[in-house]
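Subject: Structure for you to look at

Hello,

I am passing on the structure we talked about. Please have a look at it before reading on; my notes follow below.

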Amino acid sequence: MGVDLDSVSEATSGAIGSLLSTTLLYPLDTCKTKYQAEARAHGQQKYRKLTDVLWEAISTRQVLSLYQGLGTKNLQSFISQFVYFYGYSYFKRLYLEKSGYKKIGTKANLIIAAAAGACTAVITQPLDTASSRMQTSAFGKSKGLWETLTKDSWSDAFDGLGISLLLTSNPAIQYTVFDQLKQRLLVTNKNSAEKTAITLSAFSAFVLGALSKSIATFLTYPAIRCKVVIQAADSDDDDTKKAQQKSKKTISAVICAIWKREGIFGFFKGLHAQILKTVLSSALLLMIKEKIAATTWVLILAIRSYEIQSQRMTQKRLELLTFCIKLLVTESTWVDFILFFFLDVDSAGFGPGLARQHGH
């Protein structure tokens, strides 16, 4: 089975686009994550606003700490996007080949997207947990990837995996909302029997995409908030408090803690930052991905063309070698070769002189 060039091109361009968008928006992501991770009563909150996190970094001269964990986040982002885009493109192509359909339906598309998202979540969960712990560590005290993962047991590296699998429904919600908004926005004839849909403009598609993503984020945000709290690094308290915090980092315990300390609105703390970061990240990702996709495809075709030419040259050499071997193993050819060697070559003084011996 050959390499699926379409899947490789989609995966590579998507991964590079995610890498660049993550780097550009990383300070905002760090502020958002630290703000989300704090689950305290209103009178004990360290960060009352999102900008308090940024001001802390500036006042303590730890502005560069806003980039702590960037390498791990980029690695996680690159791998997750590559796995997702490759898996989605591959499963989609496989579905069309097996089913015989020319187009993929809405339900099948959602199932394929969820399957690709689930595979991505399982593979990249340790990196996701490590990056969250690095971001939520005190400024200037973040540890390396290996030290962060080996600080606790390996099962702790998969903290929040259940919520991550649940959040694979986010694209399904976004797609459903987008499709419903699109149907309402499209211009139709007054006659209900004859409806002619008009395609969306680029600007309308972008607005609907941002709006549908915001709605999907709003509906799944309580799970996002709980996931960040579960994966957050422990505070710099004594060992007893750390043990208590570790024992309470379950889904049910985190839900109860947020409810008691912050109330119902605590589940939506940092929602505006999450929507801003998500919309900007999606817009940058798609924009960069489209720019890179053409270049990636050209490079892949060039590599493929070189491989084909190399295979052809190798095949020609094998054919020439096979032809030579056939000539050597032919009986008449052996006779001609021996006569040439003992008679003709001897006339030049090189052979053993079989004719000369018979002549004397």
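A helix, as the word is used here, is a DSSP run of H or I with at least four residues, and helices are numbered from the N terminus. In that numbering Ser169 belongs to helix H8, which covers residues 169-185. Please keep in mind that this is a predicted model.

To stay with Ser169: a polar atom of its side chain lies 2.8 Å from the backbone oxygen of Leu166. The C-alpha of Ser169 is 8.9 Å from that of Ala113, although 56 residues separate the two in sequence. Ser169 has a relative accessible area of 28%.

Arg61 is not a glycine, yet its phi is positive, at about 55°. Arg61 sits in the loop that runs between helix H3 (50-59) and helix H4 (70-99). Its relative accessibility is 78%, so Arg61 counts as exposed.

Next, the aromatic rings. There are 8 aromatic pairs in the structure. One of them is Phe82 with Tyr86, a stacked pair with 6.2 Å from centre to centre and 5° between the planes. Both residues are in helix H4, 4 residues apart, which is about one turn of the helix. Phe82 is partly exposed at 30% relative accessibility, and Tyr86 is partly exposed with a relative accessible area of 30%. How are the rings of Tyr95 and Tyr101 arranged? Their centres are 6.4 Å apart and their planes stand at 50°, so this pair is tilted. Tyr95 is partly exposed, with a relative accessible area of 28%, whereas Tyr101 is exposed, at 51%. Ring pairs also join Phe82, Tyr86, Tyr90 and Phe91 into a cluster.

Last, charges over rings. The charged end of Lys34 is placed over the ring of Phe139, at 4.7 Å from the ring centre. Lys269 lies over the face of Tyr35, and here the distance to the ring centre is 4.8 Å.

If you open the model, Arg61 in the loop between H3 and H4, the stacked pair of Phe82 and Tyr86 and the contact between Ser169 and the backbone oxygen of Leu166 are the places I would show on screen.

Regards

Conventions. Residues numbered from 1 in each chain as written. Predicted model: local features only at pLDDT ≥ 70, side-chain atom pairs only at ≥ 80, totals over all residues. Heavy atoms only, no water. Helix = DSSP H or I, 4+ residues; strand = E, 2+ residues; numbered from the N terminus. Buried < 20%, exposed > 50% of the residue type's maximum accessible area, 1.4 Å probe, protein only. Polar contact = N/O pair within 3.5 Å; in protein donor to acceptor, adjacent residues only side chain to side chain. Phe/Tyr/Trp six-rings, centres within 6.5 Å; stacked < 30°, edge-to-face > 60°. Lys NZ or Arg CZ within 6 Å of the ring centre and 35° of its normal.
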